Amino acid sequence: MDQTRRNVLRAGGGASLFALLAAAGMLQPEAAFAADWNQKAFAAKNVKDALDALGAGNPANSNDIIMTAPEIAENGAVVPVAAESKIPGTESIAFLIAKNPTALAASFDIPAGTEAAVSTRVKLAQTTDVHVLVKAQGKYYMTKKEIKVTIGGCGG
Amino acid sequence: MADPMRIRAKAKDGGVNVKILMAHEMETGQRKDSAGKPIPAHFIQHVSVTWQGKVVLSANWGPAISKNPFLEFDFKGGKKGDKIQVTWTDNKGDTRTDEATIN
């Protein structure tokens with residue numbers, strides 16, 4: 001019995017030391033960003049789980065999100081994608097790729113004064129729907145487009 | 001230490017167009033090496049762009065962003081001669097900041 005108590009105390013001590021280090025800023029920046037980087041959303045294997053982890057629930061389809069991407073991507077490792085939101089008060093834009101090993105590719109926070117439009121390049125494992133999720137005034141909107149891939153971007 | 005980013009910031013119509021090219025492997029963790037061992041994931045998780053101390057864009061990324069990531073966006077208010085700073089941090093805690101002048 002005593003042994004159990006000792007272990008519990010030791011575990012408790014370790015946890016508080018960790019908290020102390022974190023508070024003092026002694027840990028890697030990685031740890032500091034961990035709170036910001038939504039581990040659960042980025043680990044989600046499909047779009048629905050990713051939406052749940054982002055707290056987006058069931059977003060409404062919107063024609064006010066304009067997504068620019070090729071119909072056919074010859075090389076899935078480098079696919080240019082761009083999204084523009086015409087929804088007033090857009091706070092964030094996220095890209096979700098349905099058939100990638102993990103669905104959420106990127107999430108951009110758009111502060112006031114920045115245009116609600118971003119371009120980047122993503123990897124597609126195979127032909128897939130790419131979704132753009134927009135958060136505006138606390139509500140979520142989504143649009144999607146299928147991109148055909150002739151060579152995947154995630155294999156080796 | 002990672003290679004410098006290439007940043008182009010151009011003033012136009014009362015705003016600034018920013019294009020950034022980062023040098024990073026963006027390893028997904030899905031691939032295996034020739035011996036069949038998985039190659040550990042190594043990718044940029046967080047990017048932020050500041051102008052005059054104000055964050056004009058911040059992003060969280062997963063490994064699905066392409067190798068040597070590209071990013072383009074526009075913000076209002078910047079003018080020629082102002083500086084912008086871009087910082088990324090990857091999942092191993094590596095970080096890099098580069099500065100560019102708006103022209």
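In chain B, β6(B) and β7(B) make a hairpin with four residues between the two strands, and B:Gly93 in the turn has a positive phi of about 90°. Strands here are DSSP runs of E with at least two residues, helices are runs of H or I with at least four residues, and both are numbered from the N terminus. The model is predicted, and local features need pLDDT of at least 70, side-chain atom pairs count only at pLDDT 80 or more, while totals for chains, interfaces and linings use all residues. Residues are numbered from 1 along each chain as its sequence is written, chains are lettered from A and ligands numbered from 1 in the order in which they are written, and side-chain values use heavy atoms, with hydrogens and water left out.

Two strands count as paired if DSSP finds at least two bridges between them. In this pairing, B:Trp88 is opposite B:Arg96 of β7(B). β6 (residues 83-90) of chain B is also joined by seven bridges to β3 (residues 44-51) of chain B, again antiparallel. There, B:Ile44 faces B:Asp90 of β6(B).

The loop between β5 and β6 of chain B contains B:Lys79. Its contacts (heavy atoms within 4.5 Å) include B:Val16 and B:Ile102, leaving aside residues up to four places away in sequence. B:Lys79 and B:Ala9 are 70 residues apart along the chain, and their C-alpha atoms are 9.8 Å apart.

Next comes the meeting of the two chains. How many residues of chain A are in contact with chain B? There are 34, and they touch 33 residues of chain B. The size of an interface is often given as the accessible area lost when the parts come together. Between chain A and chain B the buried area (accessible area, with a 1.4 Å probe, that two parts lose on being put together, summed over both) is about 2,800 Å², and carbon and sulfur atoms give 52% of this.

The rule finds 18 residue pairs in polar contact across the interface, both residues at pLDDT 80 or more. A polar contact is a pair of N or O atoms within 3.5 Å; within protein, one must be able to donate a hydrogen and the other to accept it, and residues adjacent in sequence count only if both atoms are side-chain atoms. On the side of chain A that touches chain B, α2 (29-34), β6 (104-109) and β7 (114-122) each supply at least two residues. β7(A) gives the largest share, eight residues.

β7(A) also pairs with strands on both chains. Within chain A, β4 (residues 79-85) runs antiparallel to β7(A), with six bridges between them, and A:Val81 has A:Thr120 as its bridge partner.
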